Amino acid sequence: MTQTATLTTIKHFINGAESAGTGGATQPVYNPATGAVSAQLNLASRQDLDTAVAAAKAAAEIWGDYSLAKRTTVLFKFRELVASHVDELAALVTAEHGKVLSDAAGEIGRGLEVIEFACGINQLLKGAYSGQASTGIDVFSFRQPVGVVAGITPFNFPVMVPLWMCPIAIAAGNAFILKPSERDPSAPTLLAKLWTEAGLPDGVFQVLHGGKDTVDGLLTHPDVDAISFVGSTPIAKYVHETATAHGKRVQALGGVKNHAIILPDADMDNAADHLSAAAFGSAGERCMAISVAVAVGDAADTLLGKVRERAVAIKVAEGTEPDADMGPVITAASKARVLKIVGEAADAGATLVVDGRDFTVPGKEDGYWVGPTLLDGVSADMTAYTEEIFGPVLAVMRVETVEEGIALINANPYGNGTAIFTSSGANARKFQRGVHVGMIGINVPVPVPVAYHSFGGWKNSLFGDKHIYGEEGVAFYTRAKVVTSRWPEPQHVSDASYNFPSN
Ligand code: NAD
């Protein structure tokens with residue numbers, strides 16, 4: 001018997017039920033801590049995609065007409081179900097992503113915030129009314145669902161990123177098809193079962209597994225109306241261009257290179273604690289991870305020593321270990337990429353203050369381990385700066401002034417998140433106004449906005465106009481209607497005119 005015969009198969013969720021699909025193609029899913037295949041993933045055929053889109057289109061017609069009261073009843077129930085399945089979801093995330101269990105639970109917590117926000121959809125869709133805008137004329141505006149939304153999500157937050165999208169899209173009356181990352185598909189698939197248990201009609205939330213073919217099918221399908229994408233910059237750009245060319249509205253969040261500026265007046269212990277957690281937590285695979293520390297003036301030497309102390313004390317282990325601080329990276333290819341970039345930095349003259357390249361966990365040598373790595377003396381021409389590393393690597397750069405630090409950030413093609421550590425309000429204000437970045441932390445290293453604000457970057461970190469979740473999310477998943485109405489008295493004298501009407 002082959003090993004794959006004993007493995008579980010992760011299925012699609014189409015029109016209210018699990019489905020193996022029609023094509024028969026599968027691909028392996030790995031446990032990054034051991035390198036072992038943990039499951040086989042069904043890959044959608046074109047027929048599966050057409051079936052899901054047809055079910056979504058039919059479901060959107062019905063669901064979009066549900067009263068707000070009925071929709072929010074489902075949302076509240078879904079919130080309770082996700083909250084009562086945090087441990088189960090987190091275990092699935094850890095098994096396929098590798099992050100530590102507490103971190104996996106944390107991402108589900110941030111996803112829950114978006115569900116809670118979406119529970120208030122009746123307030124968010126209230127619209128506006130102008131009585132007697134002109135004589136005898138009232139004008140009112142309201143928003144309606146766009147129809148069928150597809151969400152294409154990355155591996156690094158397999159629950160949180162889908163929950164950035166689907167609660168709001170569904171609360172607003174759309175049907176939603178999720179195409180999760182093929183690296184860690186189990187937890188997002190469980191969300192489908194929870195939606196169904198919450199009372200969501202069949203076809204309103206579906207999960208299709210696959211890679212480029214499935215994505216391309218969604219981007220070009222005439223019955224898909226909107227695309228929410230989160231992933232790397234080249235794919236985000238491609239998704240944006242392809243889907244807009246096919247007449248869809250698109251928000252495509254891309255890759256990142258997040259800098260933190262540390263001023264000499266910062267509380268250095270606090271800055272070192274936060275920098276270390278922000279750079280190495282989740283093995284640096286967070287879209288808001290800090291990967292570049294920009295030390296101003298003489299901040300660098302104090303800071304380096306303190307971050308070094310923290311980096312070497314990090315417990316790297318399988319995410320299920322109770323005392324683990326950090327797990328493996330996602331794939332063998334990801335590990336190879338990180339090691340290559342670190343090697344190139346060393347060759348180009350950077351100092352390896354902490355070198356995590358030879359790290360392994362005894363007994364789990366086939367896992368994709370990279371230890372925390374601290375590079376000093378990184379310059380803007382090194383690949384450690386020009387590439388998105390997406391691993392547990394913190395590059396330290398040195399500048400003389402806060403203005404020089406802001407200029408460095410603004411010259412970088414990415415603009416997702418950034419932070420400043422300082423005790424100077426004037427410098428913090430200069431920074432918050434001057435940086436060309438979407439999300440800014442002041443003495444906060446990972447400034448992921450709360451759900452009632454919106455999340456999004458600038459430059460190569462976002463293609464499209466709307467940030468994700470919050471009120472921008474509501475706007476993205478709805479279309480505006482404005483009604484200009486007149487109810488004349490029976491005996492009125494017509495005021496129709498060949499001139500442009502004004503009153
Ligand atoms: P990825 O771009 O490789 O994959 C994202 C999604 O696109 C997946 O569902 C994948 O199946 C699909 N995909 C991959 N290649 C494709 C192709 N050629 N054509 C069409 N679809 C394709 O990203 P990833 O490795 O899963 O995730 C990590 C990346 O996501 C990093 O670059 C990270 O910065 C980024 N990210 C950004 C944010 C943000 O908020 N800006 C949030 C999370 C992750």
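Which residues in α2 meet L163, P167, I170 and A171 in α6? They are R71, L75 and F78, where contact means heavy atoms within 4.5 Å. The model behind this picture is predicted, so to speak of local features a pLDDT of at least 70 is needed, side-chain atom pairs count only at pLDDT 80 or more, and totals for chains, interfaces and linings use all residues. Residues are numbered from 1 along each chain as its sequence is written, and side-chain values use heavy atoms, with hydrogens and water left out.

Back to that helix pair. Two packed helices are described by the angle between their axes and the distance between the axes. Helix α2 covers residues 68-84 and helix α6 residues 160-171; they pack at about 155°, with their axes 9 Å apart. (Axes are lines fitted to C-alpha atoms, for helices over the stretch in contact, and angles run from 0 to 180 degrees between N-to-C directions.) That angle makes α2 roughly antiparallel to α6, a label used for angles over 145 degrees. Sorted by class, the contact has six nonpolar residues, no polar ones and one charged. Here Ala, Val, Leu, Ile, Met, Phe, Trp, Tyr, Cys and Pro count as nonpolar, Asp, Glu, Lys and Arg as charged, and the others, Gly among them, as polar.

Next come the strands. Helices (H or I, at least four residues) and strands (E, at least two) are DSSP runs, numbered from the N terminus, and two strands pair if DSSP finds at least two bridges between them. An open sheet is built from three strands in the order β1-β5-β4, with mixed pairing. Its edges are β1 (8-10) and β4 (26-31), each pairing on one side only. On average, neighbouring strands in this sheet are turned by 40° against each other, direction ignored. β1 runs parallel to β5 (residues 36-42), and three bridges join them; I10, for example, has L41 in β5 as its bridge partner.

Strand β11 (residues 226-230) is another story: five of its five residues are buried, so the strand is largely enclosed by the rest of the structure. Buried means under 20% relative accessible area (1.4 Å probe, protein chains only). A226, S228 and V230 cover one side, while I227 and F229 sit on the other. Strand β8 (residues 148-152) runs parallel to β11 and is joined to it by four bridges, with I152 partnered by F229. Five bridges link β11 to β12 (residues 249-253), also parallel, and here F229 stands opposite A252.

How values were computed
Angles under 35 degrees count as roughly parallel, over 145 as roughly antiparallel, 65 to 115 as roughly perpendicular and the rest as oblique. Buried means under 20% relative accessible area, exposed over 50%, partly exposed in between (1.4 Å probe, protein chains only).
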